[in-house]
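Please look over the sequence and the model, then read on.

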Amino acid sequence: MTDEERSAALRAATARALAGGPERHRAKGTKQGKLPVRDRVGSLLDPDSFSEEWLLAGSLHDGEGAAGVVTGIGTVDSRPVAVIASDPTVKAGSWAPKTVEKILRIQERALTLGLPLVYLVDSAGARIDEQVQMFLGRRHAGRIFFNQVRLSGVVPQVCVLFGPSAAGGAYIPAFCDVVIMRDGNASMYLGSPRMAEAVIGERVTLEQMGGARMHTATSGCAHALVGSDEEAIAFARRYLSCFPSSFEQDAPSFPPAAPASKRSIAELIPADENQPFDMRKLLEALLDADSLLEIHARWAREVIVGYARLEGCVVGVVASQPAVKGGVLFVDSADKCARFIWTCNAFNIPLLFLADVPGFMIGTKVEREGIIRHGAKMISAVAEATVPKVSVIVRKAYGAGLYAMAGPAFDPDCCLALPSAAIAVMGPQAAINAVHHNQLQAIADPAQRAARGEQLRCEYARDIDILRLASELAVDAVIAPDELRGELVRRFAYAASKRREWPRKRNPVTPV
């Protein structure tokens, strides 16, 4: 073969690889509002930064462009990241043997180089007719998930789900740190609606089975709902901006910014501990403007978690939301917080807790759901977190809610309280009912009974007054609301050099 013939053969193979699947599949993607796979990669990465790996895999066959997956390394905000991007025009993004091998190789490259790994998923999963060649062996599909577990906590793993992630392929998002789903197009499920009907007789739509709205609001398997491919990629870039490239580094820093809200924090907090208020308003007055990237915004909304900046420094926020279910902690909210805390601790992101929590939910329903087990999971995560952590008692922290929000016994670098704060086993009304119920019921006159009850409640409230608790060293400082931001900036700065020893072990036996 002459040099000219070799060049022509290379151009033809490259053209086949870049073309992806047949035109009808490309047209279908356009109709669904999907970006072509290389446009997705290009939108994620800085211009002209992508070095594609193994482009010519499968290039001898028309319609098998790059084996249905684009892999390589580029930069996001000038920091290198590894990318795995399904091409849905190639047999619906399904996995052939070379598809799997490319995924494994780029995972191993990310581990070796210490690079974040972004999965742009739009795949029907494994090709059943090629299962012997790509499903069963040591370097077959199962190795993808093995590698994800090895990568977990070493580098950030981000999944952007544009279309399906079916059957075993659904575990790719499950093993990632964050899952972003495109409304209307994205889905993930172990068994399709057709399979569910055939096997268990259940008739269900794709959205009900595994759609983006279901997973972001009900199952908690996904963390963010977005409306377009472009919005999904923008969320991924913003998420990566909060993280270091690996666990051995610190999170990036940014120029300081003033809070978006000029409102006084004191004005935002009702005096009555039972009156709801929106914790987001307080966050707007406390954090750098427009810096909060909320995670799981649609799921377990009685607690807010997300990444934000305080005077330019990234922090992970865990905040009660008294505007939803009174800020009481449930099974899902405990799981939501635990996963978030573990992620922050893995990647050196300091934690800010803002507590206005009556405690964990009680009752038959939650006990049967395992509220004790799930609550213990959240408390375990708080205890295990060795990053700088600051706890602020905004209004109340009762019962095990105090523990879950990094109360004094859980080694916070400081536990601050606002003047409105109260800390106790339970609130005054519940405490009086628990301790003095029989005594009060013995008072025949309703007016006298009510007066005695109010007297006991006042005595109890004086007993847990925050100034008394500060005098007993239960909290480290009582801070005026409008001085809170400055105090937090200083406290996190002082804690930046914290030593992070933890008892040596193989792994904890964590409640699940």
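## Basis of the model

This is a predicted model, in which local features need pLDDT of at least 70 and side-chain atom pairs count only at pLDDT 80 or more, while totals for chains, interfaces and linings use all residues. Residues are numbered from 1 along each chain as its sequence is written, and side-chain values use heavy atoms, with hydrogens and water left out.

## The chain as a whole

The secondary structure of the protein chain comes to 21 helices and 16 strands. Helices (H or I, at least four residues) and strands (E, at least two) are DSSP runs, numbered from the N terminus.

The protein chain has 512 residues, of which 52% count as buried. Buried means under 20% relative accessible area, exposed means over 50%, and partly exposed lies in between, with a 1.4 Å probe and protein chains only.

## The largest pocket

Pockets and cavities are found on a 1 Å grid over the protein atoms alone: a cavity is a set of points where a 1.4 Å probe fits but cannot get out, and a pocket is an open set with protein on both sides within 12 Å along at least five of seven lines. Lining residues have an atom within 4 Å of a point. Grid points are joined across faces, edges and corners, and a volume is the space filled by probe spheres set on the points.

The volume of the largest pocket is about 850 Å³. Its lining holds 40 residues, and those nearest the centre are Lys-34, Pro-88, Ala-92, Asp-122 and Pro-164. Among the elements that each supply at least two lining residues are helix 1 (3–19), helix 3 (37–44) and strand 5 (157–166). Helix 2 gives the most, with five residues. The lining has 17 nonpolar, 13 polar and ten charged residues. In these classes, Ala, Val, Leu, Ile, Met, Phe, Trp, Tyr, Cys and Pro count as nonpolar, Asp, Glu, Lys and Arg as charged, and the others, Gly among them, as polar.

## The cavities

Three cavities of 30 Å³ or more turn up in a search of the whole structure. The largest cavity holds about 120 Å³ of space. It is lined by 18 residues, with Ser-86, Trp-95, Val-121, Ser-123 and Ile-172 closest to its centre. Strand 4 gives the most to this lining, with four residues. Ten of the lining residues of the largest cavity are nonpolar, eight are polar and none is charged.

The second largest cavity has a volume of about 70 Å³. Its lining includes Asp-177, His-223, Tyr-239, His-296 and Arg-339. Helix 14 (residues 331–346) gives the most to the lining of this cavity, with four residues. By class, the second largest cavity is lined by five nonpolar, three polar and three charged residues.

## Helix 11

Helix 11 (residues 229–241) has 13 residues and spans 19 Å from its first C-alpha to its last, close to the 18 Å expected at 1.5 Å a residue. The expected span is 1.5 Å times one less than the number of residues. Among the buried residues of helix 11 are Ala-232, Phe-235 and Tyr-239. Tyr-239 is also one of the residues lining the second largest cavity.

Seven of the seven residues of strand 12 (residues 351–357) are buried, so the strand is largely enclosed by the rest of the structure. Leu-351, Phe-353, Ala-355 and Val-357 point one way, and Leu-352, Leu-354 and Asp-356 the other way. In a regular strand the side chains alternate between the two faces of the sheet.

Two strands pair if DSSP finds at least two bridges between them. Strand 12 pairs with strand 11 (residues 313–320) in the parallel sense over four bridges, and Val-317 stands opposite Leu-352. Six bridges join strand 12 to strand 13 (residues 389–398), again in parallel, and the bridge partner of Phe-353 there is Ser-391.

## Two loop residues

Most residues other than glycine have a negative phi. His-296 has a positive phi near 60° and is found in the loop between strand 9 (293–295) and strand 10 (303–310). At 4% relative accessibility, His-296 counts as buried.

Glu-311 has a positive phi of about 55° and lies in the loop between strand 10 and strand 11. Glu-311 counts as partly exposed, at 35% relative accessibility.
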